[in-house]
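Q: Please give me a close look at one part of this model. Start from one position, then connect it to the others you can describe.

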Amino acid sequence: MSKPKTTWWANASPDNIHNHQDALLKRFLQTRAVPFTQFYSKLFSENGIDPRDIRSTDDLVKLPFTSKADFDNPRDFVIIPDEVVVKKQWRTILRALTTGSAATKAALEKELRPILLTSTTGRSSAPVPFLYTAHDIARLEEGGRRMMQLCQSDASNKHVNAFPFAPHLAFWQAHYAGTGHNTFMLSTGGGKTIGTEGNVRIIDKINPEAIIAMPTFLYHLLQEGTVGGSRWKNLKRLVLGGEKVPAGMRRKLKELCAEMGAPDVAIISTYGFTEAKMAFTECLPVAGDQPSGFHIYPDMCFIEIIDPESGQRLPENTPGEIVLTQLDARGTIVLRYRTGDLIENGLTHAPCPHCGRTCPRLLGKISRVSDFKNLHIDKLKGTLVDFNALENVLDDTEGLGAWQIELRKRNDDPLESDIVLVHAVTMKGDEETLRHAIHRRFESSTEFAPNEIQFHTWEEMRTLQGVGKELKEKKVIDHRPS
Ligand SMILES: [Zn+2]
């Protein structure tokens, strides 16, 4: 076990990264992942793979993928040392366990004892707990510190973490980014704990340089602040959890900040998921330029892009599905984990055009296979609709504060045609104007109109989007009986 190197990740050459990742992977597989997790020790033996056969990240293609469906027993993915194996492997640890060298025993406990849990959510599957040891929390802090550096946040700045308080990665990553960067971070718990008003009041008092939050909630927060005459003049960064931040949403957020006396706010999106046990961010873009992708820490995980159909590994700069292998985690671990997330322009090792860092970067928009839904509407029989694109259209609609698309079957009859409902919150209260605007936007981009538009309060929308329960705001929900 060693501490992550602090600057190596940002300026190593592609060859150097490859060699270092090979070394990390070999050590991780041979000393922790395979001998001490039920799932991977079984997977390796059942497939006739000796961990020593995997000498490089190139050899990982021999290993079957792991996916959500494999998590029947989450405990099987936790590194739990087996004393028999330990006896064979490490003399020093054996000595600690048998003769009780207090210092070594304490170090081992620190490395391996789970002390924090975050969880996945999901309607279709049971939540999967992911355990963190002190070793993992050090990684969360280091990863968070790097996020702060990538966003060029000064440690003397004040930050507000407005993610919902929940056992979710987003909240804890933001919290530990604060401790890792040794900076002031107030975690408000989001709207559910002290309400939007409470958040506005606290931000009024603190006058932070950065707010970290879910996009729809942040939008609501800024809007409420604007209406109440708040002046958040110090704001320099809005950091959004949820990697999909359409241009329309970025523009609306910037406009609101300008109204509050903060015209130079950079909007930064992040990408993280429970199984990665960390999150990645874009770096601060050069004024007016396009974001330069999510910067990955090559000393913590290995990311490969695969063809979602064939499972073949794809070359650089090729769109495909993101697959993650941890290189130095403890607690719950995954190898070759299929995220189901599609990256538009693949992965690159080319230096970042904004910051010059040479760490791998994920380029372009991230979408999910499930973003493409087959619709049977009267006009469109069995048409594949890209809801990812539709999100852009809605986020760009003037006067629309928040929204959710719901798919249903007419009369809830599985044999009937599909109906599309739009749930909406108005910005300024004129429902009829907004109804027309939504219809127009739909028709110009999708050739069909929603069957119904229902208006809600912000509070109701938060419940619909599952804020605090889900990891991401649910923007498209499919209630068609399967
Ligand atoms: Zn960069």
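**From one loop to a zinc site and beyond**

A: Asp59 is placed in the loop between H3 and helix H4 (83-89). Helices here are DSSP runs of H or I with at least four residues, strands are runs of E with at least two, and both are numbered from the N terminus. This is a predicted model, in which local features need pLDDT of at least 70 and side-chain atom pairs count only at pLDDT 80 or more, while totals for chains, interfaces and linings use all residues. Residues are numbered from 1 along each chain as its sequence is written, and side-chain values use heavy atoms, with hydrogens and water left out.

Asp59 touches Asp53 and Ile54, leaving aside residues up to four places away in sequence. Contact means heavy atoms within 4.5 Å. His354 is 295 residues from Asp59 along the chain, and their C-alpha atoms are separated by 33 Å.

Now step back to H3. Helix H2 (residues 14-36) and helix H3 (residues 38-46) have axes that come within 5 Å and cross at roughly 95 degrees. That makes H2 roughly perpendicular to H3. Axes are lines fitted to C-alpha atoms, for helices over the stretch in contact, and angles run from 0 to 180 degrees between N-to-C directions. Angles under 35 degrees count as roughly parallel, over 145 as roughly antiparallel, 65 to 115 as roughly perpendicular, and the rest as oblique. On the H2 side, the contact uses Leu29, Ala33, Val34 and Phe36; on the H3 side, Gln38, Tyr40, Ser41 and Phe44. The contact residues divide into six nonpolar, two polar and no charged. Here Ala, Val, Leu, Ile, Met, Phe, Trp, Tyr, Cys and Pro count as nonpolar, Asp, Glu, Lys and Arg as charged, and the others, Gly among them, as polar.

Helix H10 (residues 215-227) and helix H14 (residues 458-465) pack at about 170 degrees, with axes 11 Å apart. H10 is therefore roughly antiparallel to H14. Thr216, Phe217, Tyr219, His220 and Gln223 in H10 meet Trp458, Arg462 and Gln465 in H14. By class, this contact has three nonpolar, four polar and one charged residues.

Next comes the metal. The zinc ion has four protein donors: Cys283 (SG), His295 (NE2), Cys352 (SG) and Cys355 (SG), lying 2.2 to 2.3 Å from it. Donors are N, O and S atoms within 2.8 Å of the metal (3.2 Å for Na, K and Ca), and because water is not among the atoms, sites may look incomplete. The angles between the four donor atoms run from 105 to 119 degrees, which makes the arrangement tetrahedral. Four donors count as tetrahedral if all angles lie between 85 and 135 degrees; four count as square planar and six as octahedral if opposite donors are over 155 degrees apart and all others between 65 and 115; anything else is irregular. The sequence spacing of the donor residues is C-x11-H-x56-C-x2-C. Cys283 lies in the loop between strand S8 (278-281) and strand S9 (294-295), and Cys352 in the loop between strand S13 (347-348) and strand S14 (361-362), so this pair ties together parts that are 69 residues apart in sequence. Both Cys283 and Cys352 are buried. Buried means under 20% relative accessible area, exposed over 50%, and partly exposed in between (1.4 Å probe, protein chains only).

Strands hold other buried residues. Thr118 lies in strand S1 (residues 114-119). Thr118 is buried, at 0% relative accessibility. Its contacts beyond four places in sequence include Val128, Phe130, Trp172 and Thr274. Asn161 is in strand S3 (residues 158-161) and is also buried, at 0%. Leu186 is 25 residues from Asn161 along the chain, yet their C-alpha atoms are separated by 5.9 Å. Asn161 touches Leu186, and also Phe171, His175 and Ile212 among others. Val420, in strand S19 (residues 418-426), is buried too, with a relative accessible area of 0%. The C-alpha atoms of Val420 and Leu407, 13 residues apart, are separated by 4.9 Å. Leu407 is one of the residues that Val420 touches, along with Phe442 and Pro450.

Two loop residues close the tour. Most residues other than glycine have a negative phi. Asn207 has a positive phi, near 55 degrees. Asn207 lies in the loop between helix H9 (191-206) and strand S5 (210-213), and is partly exposed at 23% relative accessibility. Asp412 has a positive phi of about 55 degrees and is not a glycine. Asp412 is placed in the loop between strand S18 (400-409) and S19.
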